[in-house]
Amino acid sequence: MQIDAQALYARATPVAADAWRDPLALLLASTGEGIYGVDLDGLCVFINPAGARLIGYEPDEVRGRNMHELTHHARHDGSAYPEYQCPIFNAFRQGLPCRIDSEVFWRRDGTAFPVEYSSHPIVEAGRVLGAVVTFVDITERKRAADALQRAKDGLEASVRERTGALETALQRVRELAAWSDTVREDERTRIAREVHDELGSLLVALKMDVNWMDKRLAEQPQRAPEAATDMRERMRCKCQNMSRLIETAVDNVGRIITDLRPSILDHQGLWAALEWQAQEFVASAELALDWQLALDESLELPEPLAMAVFRIFQEMLSNVGRHARAQTLRVQIGLEGGALTLAVQDDGQGAPPQAFEAADAYGVMGMRERAGHFGGRIDIRSAPGAGTRMCLSVAIPPETSA
């Protein structure tokens, strides 16, 4: 069977009066997809108006021309596309149908457009006579796919960034926890050493004095009156020495207890405890203190919040002692918009802002963790040679009493 190209083309360009009598011609003319047929030489037998329009030609300009050379001669990068590799021609040369959406067709003006096409062989009586090709311009689809891919890549990049930030945050939390454990162990070691070195030695001395007293009292009946009187005087001196040892032990126990939790915090409240801590610090660091308390001292914070404020204040003072090399310390406590503000400012050597954001700035991290637990924050202003100001801001719970 031979393909009558003139007849097929005539059917692809219907006359209005005969359109309804030729459904195939009506279908070819009305479809938005490009459709064309090629013979065994790759020459166009017919093409519908939509197909010719997509490649920039009129239908009668395309008939009889090699479709590969006309519109499929190069790849999307402009490199040559050999005819023997063309899936469209393989449809009739090898009887292999195909559907491709990764190539381009070329227009008359030399521009290319992404295309999805399918090629199916025309077979009659077991013989391949040619192929029918359908194709559509998928520029918008590609543009949408590219936009979707960019959005996907952006989302993946954002996820990677967030994941990296989360991993960094988790690592800093682990490091902070490890640092907290180290500080806790160091504190336990210090307290154990003080108990052993000071309380232990006092108790051993008391035990020896008690044994001496016991032995001397047992010998008293055998002593002459004058010797017994002399021994009683010696025992009285021993008792006085034991009393001094007990007083020293009581002082040491009180100091250790104060280190663990200042009793003034429970007995006189947070504000007195803060002032006592500031006075203790400046006395040991030999600094001048500017103490400013601008709130009603009858204000009582909830116990967990009060303890957090006290511990943050201790860490602020510790930072001054370790790094500032200051001469004067200013402490300002007040209320701003229903929030407690506690600022510690020194006139020391200061530091660049990034020093307080470093991965090993565990003291600052610890303060921020404590403050964040109660919805507060720590603001730090510092510059080399200009001192440092650390300020805690935390909302006071509505049920707080005054």
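**Ground rules**

I am working with a predicted model, where local features need pLDDT of at least 70, side-chain atom pairs count only at pLDDT 80 or more, and totals for chains, interfaces and linings use all residues. Residues are numbered from 1 along each chain as its sequence is written, and side-chain values use heavy atoms, with hydrogens and water left out.

I noted what the names stand for: helices (H or I, at least four residues) and strands (E, at least two) are DSSP runs numbered from the N terminus. My angles run from 0 to 180 degrees between N-to-C directions, with axes being lines fitted to C-alpha atoms, for helices over the stretch in contact. Contact means heavy atoms within 4.5 Å.

**Entry 1: the mixed sheet**

I followed five strands through an open sheet and wrote down the order β6-β7-β8-β10-β9, with mixed pairing. Two strands pair if DSSP finds at least two bridges between them. At the edges I found β6 (288-294) and β9 (377-382), each with a single partner strand, so one side of each has no neighbour in the sheet. On average, neighbouring strands here are turned by 10° against each other, direction ignored.

Next I checked the partners of β10. β8 and β10 run antiparallel and are joined by eight bridges, and Val 344 stands opposite Met 390 in β10. β9 and β10 are also antiparallel, joined by six bridges; here Ser 382 stands opposite Thr 388 in β10. I then looked at the turn: β9 and β10 form a hairpin with five residues between them, and Gly 385 in that turn has a positive phi of about 80°.

Helix α11 also belongs in this entry. I saw that α11 lies across β6, β7, β8, β9 and β10, running at about 15° to β8.

**Entry 2: a pocket and a cavity**

I needed the definitions here. On a 1 Å grid over the protein atoms alone, a cavity is a set of points where a 1.4 Å probe fits but cannot get out, while a pocket is an open set with protein on both sides within 12 Å along at least five of seven lines; lining residues have an atom within 4 Å of a point. Grid points are joined across faces, edges and corners, and a volume is the space filled by probe spheres set on the points.

The second largest pocket has a volume of about 340 Å³. Of its 20 lining residues, I noted Asn 319, His 323, Phe 356, Val 364 and Met 390 as the closest to the centre. Two or more lining residues come from each of α11 (303-324), β8 (339-346), α12 (362-373) and β10 (388-395). α11 gives the largest share, seven residues. I sorted the lining by class and got 11 nonpolar, six polar and three charged residues (Ala, Val, Leu, Ile, Met, Phe, Trp, Tyr, Cys and Pro count as nonpolar, Asp, Glu, Lys and Arg as charged, and the others, Gly among them, as polar).

How many cavities of 30 Å³ or more does the structure hold? I found one, and the largest cavity has a volume of about 40 Å³. Its lining includes Leu 305, Ile 312, Arg 370, Phe 374 and Leu 392. Here α11, α12 and β10 each give two or more residues, and α11 again has the largest share, with four. By class, this lining has eight nonpolar residues, no polar ones and one charged.

**Entry 3: the antiparallel sheet**

I traced another open sheet of five strands, in the order β2-β1-β5-β4-β3, with antiparallel pairing. β2 (44-47) and β3 are the edge strands, each with a single partner, so one side of each is left without a neighbour in the sheet. Neighbouring strands in this sheet are turned by 30° against each other on average, direction ignored. Strand β1 (residues 34-39) pairs with β2 over three bridges, and Ile 47 in β2 is the bridge partner of Tyr 36.

Phe 105 is in strand β3 (residues 98-106) and Tyr 117 in strand β4 (residues 112-124), so the pair ties together parts 12 residues apart in sequence.

Last, I looked up Pro 114, which is in strand β4. Leaving out residues up to four places away in sequence, Pro 114 touches Glu 103, Val 104, Val 136, Asp 137, Ile 138, Thr 139 and Lys 142.
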